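Open the model in your viewer and keep the selection tool ready. Each stop tells you what to pick and what to look for.

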Amino acid sequence: MSEERFVIIGASLAGAKAAETLRAEGYSGSVVMIGAEHHLPYDRPPLSKGALKGSDSYDSATLFPEQWYADHDIELRLGRPAWRLDLSAHNVYVHNQDKLQYDRLLLATGSSVRTLNVPGADVEGVHYLRTMEDSQRLRKRLVDRPDVVVVGAGWIGLEVAAAAREYGASVTVLEPQATPLYAALGPEVGQVYADLHVSHGVDLRLGESVQQILAGDGHVSGVVTGLGETLPAGLVVAGVGVVPNTDLAEGAGLEVDNGVLCDQSLRTSDPDVFAAGDIANSFNPLLGGRVRVEHWANALNGGVAAAQAMLGQEVVYDRIPYFYSDQYDTGMEFAGHLPRGVETTVVLRGDVAGHEFMAFWLDDDRVLAGMHINVWDSIEEVKDLIRSSDRVDPERLADPAVPLPEAVRR
């Protein structure tokens with residue numbers, strides 16, 4: 001190979017930001033992006049927000065126009081998924097036996113949706129939301145205002161429910177936990193989202209699951225719940241989580257455990273292979289452990305950090321996880337990380353009933369995570385509290401009259 005070549009597997013947000021960073025940092029070698037989808041790399045948040053609701057175009061989700069890649073000498077190989085890696089030979093096998101050699105490689109293969117495992121789950125009219133095609137198909141159906149059953153009251157399920165109600169569809173949400181977002185936020189804040197959706201006309205069935213999906217004339221016609229009730233449905237949307245696309249890494253012999261294992265510079269167990277985005281289970285020195293994050297900001301920032309590390313720069317990827325959600329007239333931003341098994345104390349600050357408040361998750365009076373609902377320009381102060389690891393006074397933290405920095409114990 002006469003010219004040095006960096007290959008990015010995954011024409012995703014993380015992949016595109018990595019390619020952009022390589023060129024911005026002055027890398028003059030060959031850059032090749034391989035993507036399974038035929039679309040140019042795009043942002044995913046609009047797929048469940050503005051584009052799904054029709055307030056934004058799908059074109060607005062595209063990160064860069066096609067000419068941008070040509071102008072930056074970035075070769076796109078779209079619609080041609082990579083199917084095998086040979087780490088010892090530094091080869092990527094693409095599509096129909098094509099072989100591509102690399103000097104350094106970035107894995108940014110993202111995640112795939114978990115699918116329902118119940119009778120009837122494969123009938124027409126059962127939808128998932130991950131790709132641009134998924135969102136486009138779903139929007140076409142929502143315009144007709146069918147009876148919608150959403151399985152799962154996580155972020156995707158709730159955003160789809162809100163979009164469906166804004167179209168005027170009747171919506172039932174089935175959630176096996178005690179509140180929406182129970183695993184992510186716990187019961188206190190989860191109840192806020194329960195009340196929000198009920199107030200907008202959603203039939204929220206908590207502690208309830210789906211047992212079977214019914215079909216008439218080959219199309220979904222109803223859902224049988226775990227309690228045996230039959231709900232009418234012209235459209236079923238399942239939002240039951242995602243799984244990282246690690247098959248390629250596992251097949252190559254990279255270390256994988258809930259994602260591709262990476263060090264603090266996003267380097268994998270192979271020194272010439274890096275990972276970013278949903279699949280990267282990396283060591284975060286600020287948080288003191290491994291973290292795998294499935295949200296937009298991690299792909300945005302992780303792609304940049306991985307590219308810098310590929311160039312040999314000293315990189316410590318210690319970003320605080322961040323995500324946001326918009327539902328009806330309620331906007332939310334969350335920062336931090338809540339490790340599994342850690343018991344936390346939740347402190348609420350502001351007008352919870354009026355949906356203008358903040359929430360903090362404390363361990364030994366240290367802020368592990370915080371969020372706001374409609375309290376804008378506050379999330380950076382939340383991040384500052386997390387970074388500091390200082391103990392806070394819960395009573396002062398709960399008092400909106402006390403500036404956040406002054407809630408720290410002196």
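**Stop 1: charged pairs**

Start by selecting Arg 104, which is partly exposed at 22% relative accessibility. Partly exposed lies between two cut-offs: buried is under 20% relative accessible area and exposed is over 50%, using a 1.4 Å probe and protein chains only.

Before going on, note that this is a predicted model, where local features need pLDDT of at least 70, side-chain atom pairs count only at pLDDT 80 or more, and totals for chains, interfaces and linings use all residues. Residues are numbered from 1 along each chain as its sequence is written, and side-chain values use heavy atoms, with hydrogens and water left out.

Asp 272 and Arg 104 form a salt bridge, with the closest N and O atoms 3.6 Å apart. Asp 272 sits in the loop between E18 and strand E19 (273-275), and Arg 104 in strand E7 (residues 104-107), so the pair ties together parts that are 168 residues apart in sequence. A salt bridge here is a side-chain nitrogen of Lys or Arg within 4 Å of a carboxyl oxygen of Asp or Glu. Helices (H or I, at least four residues) and strands (E, at least two) are DSSP runs, numbered from the N terminus.

How many salt bridges does the structure hold? There are 18.

Next, select Asp 364 and Arg 391. Their salt bridge has its closest N and O atoms 2.5 Å apart. Asp 364 is in the loop between strand E25 (356-363) and strand E26 (366-373), while Arg 391 is in the loop between helix H11 (379-388) and helix H12 (394-397), so the pair ties together parts 27 residues apart in sequence. Asp 364 is partly exposed at 45%. Arg 391 is partly exposed at 36%.

Then pick Asp 203, Arg 205 and Glu 229. Salt bridges that share partners join them into one network.

Finish this stop with Glu 75 and Arg 77. They form a salt bridge, and the closest N and O atoms are 2.8 Å apart. Is each residue buried or partly exposed? Glu 75 is partly exposed at 36%, whereas Arg 77 is buried at 17%.

**Stop 2: backbone angles**

Most residues other than glycine have a negative phi. Select Asp 73, in the loop between helix H4 (66-71) and strand E3 (74-78). Its phi is positive, near 55°. Asp 73 is exposed, at 54% relative accessibility.

Move to His 90, in the loop between strand E4 (82-86) and strand E5 (91-94). His 90 also has a positive phi, about 60°. His 90 is buried, at 19%.

**Stop 3: a helix face**

Select helix H5 (residues 132-142). Met 132, Asp 134, Ser 135, Leu 138 and Leu 142 are buried there.

What covers them? The cover includes helix H2 (45-48), helix H6 (155-167) and strand E16 (235-238).

**Stop 4: a three-strand sheet**

Last, show the open sheet with the order E18-E20-E21 and mixed pairing. Strands pair if DSSP finds at least two bridges between them. E18 (260-262) and E21 (289-292) stand at the edges with a single partner strand each, so one side of each lacks a neighbour in the sheet. E18 and E20 (residues 280-284) pair in the parallel sense over three bridges. Zoom in on Leu 261: its bridge partner in E20 is Asn 281.

Technical notes:
Contact means heavy atoms within 4.5 Å.
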